[in-house]
Amino acid sequence: MRKRKVKGMLATLVAVLVLSGVFYASAAEGTGTGTNLGETVTTTTPSPGVDPSDPPAENIGSVDKEDLAAEIESKEEGTTVEISYTGEKSELKAEVFDAIKGKDKTIELTDGTVTWSFNGNDIKGTTNKINLKVEPSKLNDFNGSKKDTIKDLVKKASETAVLTFADNGTLPGKATISVKKDTLFPSSTKTTFYVYYFNEKTNKLEFVDTAKVNGDNLTFDITHNSNFVITDTRVDSSTTTTVNKGSYKGPIDEHIVGGNSSSVKDNPHTGAY
């Protein structure tokens, strides 16, 4: 009699749990299924770092597409469009920047390895055409004439890469650059890297930004194009001095690496050094 009563109580408890929607089984990829009043319910947990409220980018073609600027102009604010480019077709016309200038529209330009992202609210300078071509390489594979100079400046960094941009000079506005991490640092498990602008006039490195790992990419901001050096450890701050006011300044910092040793103050923007 007692065993029969216990079995009856368990059956009743299971029925209550099922009907109340408490019965739930987890599955892979953050997906779960369950029952709620006789219906099957499936839930999906977003991947870390992904805002589910962000609309996906709309691919609208390549940089040489006819009437590209007009199509972007027709998009509503808050829109993000993706545009492809190649090494042979990598010129972005000034009229594309004019189409987003002062508006909350974002263009993402990608060749599959490097992605440029511009938001119209950041386009404040003169709009002009730019060459999107970027050559990423590990320092040992870098073919520039300043290879040995850069090696001497970063000798204490365990891994170093170089991004060679076309000679666009100052950009029409801030660009967020994303590079496939495995292209530059395939064996590194670090999540923070350090970006420096190599000033060929002074043969110095100027700290620009920290590059964070975002999914499969390293992401950082720039406002100027030239050679950028990325290291997996911060270059020795004992050889850091303040940049002369007349020289190029990165968007975040005002320090150079490789100058005479001197005391430095914290960067007021990032607290670096």
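**Rings, cores and strands: a guided visit**

Guide: Let's start with I72: beyond its neighbours within four places in sequence, I72 is in contact with I60, V81, I83, V96, A99, I100, K105 and I107.

Visitor: What makes two residues count as being in contact?

Guide: Contact means heavy atoms within 4.5 Å. This is a predicted model, in which local features need pLDDT of at least 70 and side-chain atom pairs count only at pLDDT 80 or more, while totals for chains, interfaces and linings use all residues. Residues are numbered from 1 along each chain as its sequence is written, and side-chain values use heavy atoms, leaving out hydrogens and water.

Visitor: Which residues have the most contacts inside the largest nonpolar core?

Guide: They are I72, I107, L109, W116 and F118, in a core of 41 residues. A nonpolar core is a set of buried Ala, Val, Leu, Ile, Met, Phe, Trp, Tyr and Cys residues joined through side-chain atoms within 4.5 Å. Apart from this core lies another, of 14 residues, and F142, V154, Y194 and Y196 are among them. In soluble globular proteins, nonpolar side chains tend to be buried together.

Visitor: How many aromatic pairs does the structure hold?

Guide: There are 7 aromatic pairs.

Visitor: Why is the pair of W116 and F165 called edge-to-face?

Guide: Rings of Phe, Tyr and Trp (its six-membered ring) pair if their centres lie within 6.5 Å; planes under 30 degrees apart count as stacked, over 60 as edge-to-face and the rest as tilted. The ring centres of W116 and F165 are 5.4 Å apart and their planes stand at 90 degrees, so this pair is edge-to-face.

Visitor: What makes this pair tie together parts that are apart in sequence?

Guide: W116 sits in strand β8 (residues 114–119) and F165 in strand β11 (residues 160–165), so the pair ties together parts 49 residues apart in sequence. Strands (E, at least two residues) and helices (H or I, at least four) are DSSP runs, numbered from the N terminus. The protein chain has 5 helices and 18 strands.

Visitor: What other edge-to-face pair do Y196 and F207 give us?

Guide: Y196 and F207 form an aromatic pair with 5.5 Å from centre to centre and 70 degrees between the planes, which is edge-to-face. Y196 belongs to strand β13 (residues 192–199) and F207 to strand β14 (residues 204–214), and the two are 11 residues apart.

Visitor: How do you know that Y196 counts as buried?

Guide: Buried means under 20% relative accessible area, exposed over 50%, and partly exposed in between (1.4 Å probe, protein chains only). Y196 has a relative accessible area of 0%, so Y196 is buried. F207, at 1% relative accessibility, counts as buried too.

Visitor: And why is N121 called partly exposed?

Guide: N121 has 40% relative accessibility, so N121 counts as partly exposed. N121 is found in the loop between β8 and β9 (130–131).

Visitor: What makes R234 a charge over the ring of F207?

Guide: A charge sits over a ring if NZ of Lys or CZ of Arg is within 6 Å of the ring centre and within 35 degrees of the ring normal. R234 lies over the face of F207, at 5.1 Å from the ring centre.

Visitor: How do you know that β8 and strand β12 pair?

Guide: Two strands pair if DSSP finds at least two bridges between them. β8 and strand β12 (residues 170–180) have 4 bridges, in the antiparallel sense.
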